[in-house]
Amino acid sequence: MPQTNRQLDDLDRALLARLTADGRASMAELGRGVGLSRTAVLARVQRLERSGVIRGYRAEVVLPDEPRPHRARVGIVIRTPDVAGYVRRLVALDGVSEVETVTGEYDLVTLLAAPSAEELDTVLDAISGWRETVRTTTWVVLRRYR
C-alpha cells in the first residue's frame, strides 16, 4: 500500500481510535461516535485504507481448548493468617490455572497462562500489589514436555 503524505486530522484520529477499539464497528456506529454521516465515515475509512494508514482487519482468537501461549510458574511468599482467602482471590484472577501450597522457601506455587506477555505481566502486577504478598519469583515457561 502506498503511504500518504496527507496529515491526519482530529476526525481521522477519532475514527482510528474507535476502529482500534472495535474493528467490527459499522460505519453508522462510527459516524455516531464522531458526529459524521455513515457516507462521510465510509469515504474517510476508504481513504485511510487506500493510503495505507489502515492496513487490514483481523480477528484475535483464543480457542477455549487450546493452551495459552504464555505460561509462567510463580513462587509466592505471603504474610496472612487467611491463606484460604488469599488463594480464593488468586484463583479468581484470569489466567491462574493452578495454585499449590508447598513447603520450603515459598508458601504457594501457581501456574499462570495468558494470551500475551502483557496480560501475564498484568496478573503478576496484581499479585505483587496485594498487601499480603511479601514477594514473588517468576519462572517463564520456555518449553513444555509431556
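**Fold, helix packing and main pocket of a predicted model**

Among contacts in the protein (heavy atoms within 4.5 Å) between residues at least 6 apart in sequence, 65% join residues at least 24 apart. The structure is a predicted model, in which local features need pLDDT of at least 70 and side-chain atom pairs count only at pLDDT 80 or more, whereas totals for chains, interfaces and linings use all residues. Residues are numbered from 1 along each chain as its sequence is written, and side-chain values use heavy atoms, with hydrogens and water left out.

The secondary structure comprises five helices and four strands, taken as DSSP runs numbered from the N terminus (helices H or I, at least four residues; strands E, at least two). Read from the N terminus, the order of elements is α-α-α-β-α-β-β-α-β. Of the 146 residues, 30% count as buried (under 20% relative accessible area, 1.4 Å probe, protein chains only). Ala114 lies 43 residues from Arg71 in sequence, yet their C-alpha atoms are 6.5 Å apart in space.

The axes of α1 (residues 10-21) and α3 (residues 38-50) come within 11 Å and cross at roughly 85°, where axes are lines fitted to C-alpha atoms over the stretch in contact and angles run from 0 to 180 degrees between N-to-C directions. The two helices are therefore roughly perpendicular (65 to 115 degrees). On the α1 side, Leu11, Asp12, Leu15, Leu16 and Leu19 meet Val41, Arg44, Val45, Arg47 and Leu48 of α3. These residues divide into seven nonpolar, no polar and three charged, with Ala, Val, Leu, Ile, Met, Phe, Trp, Tyr, Cys and Pro counted as nonpolar, Asp, Glu, Lys and Arg as charged, and the others, Gly among them, as polar.

Helix α2 (residues 27-34) packs on α3 at about 100°, with the axes 8 Å apart, so this pair is also roughly perpendicular. Here Met27, Ala28, Leu30, Gly31 and Val34 of α2 meet Arg38, Val41, Leu42 and Val45 of α3. By class, this contact has seven nonpolar residues, one polar and one charged.

The largest pocket has a volume of about 320 Å³ (an open set of points on a 1 Å grid over the protein atoms alone where a 1.4 Å probe fits, with protein on both sides within 12 Å along at least five of seven lines; points are joined across faces, edges and corners, and the volume is the space filled by probe spheres set on them). Of its 12 lining residues, Leu19, Thr20, Gly23, Tyr57 and Arg58 are the closest to the centre, lining residues being those with an atom within 4 Å of a point. The lining comprises five nonpolar, three polar and four charged residues.

Conventions: Angles under 35 degrees count as roughly parallel, over 145 as roughly antiparallel, 65 to 115 as roughly perpendicular and the rest as oblique. Buried means under 20% relative accessible area, exposed over 50%, partly exposed in between (1.4 Å probe, protein chains only).
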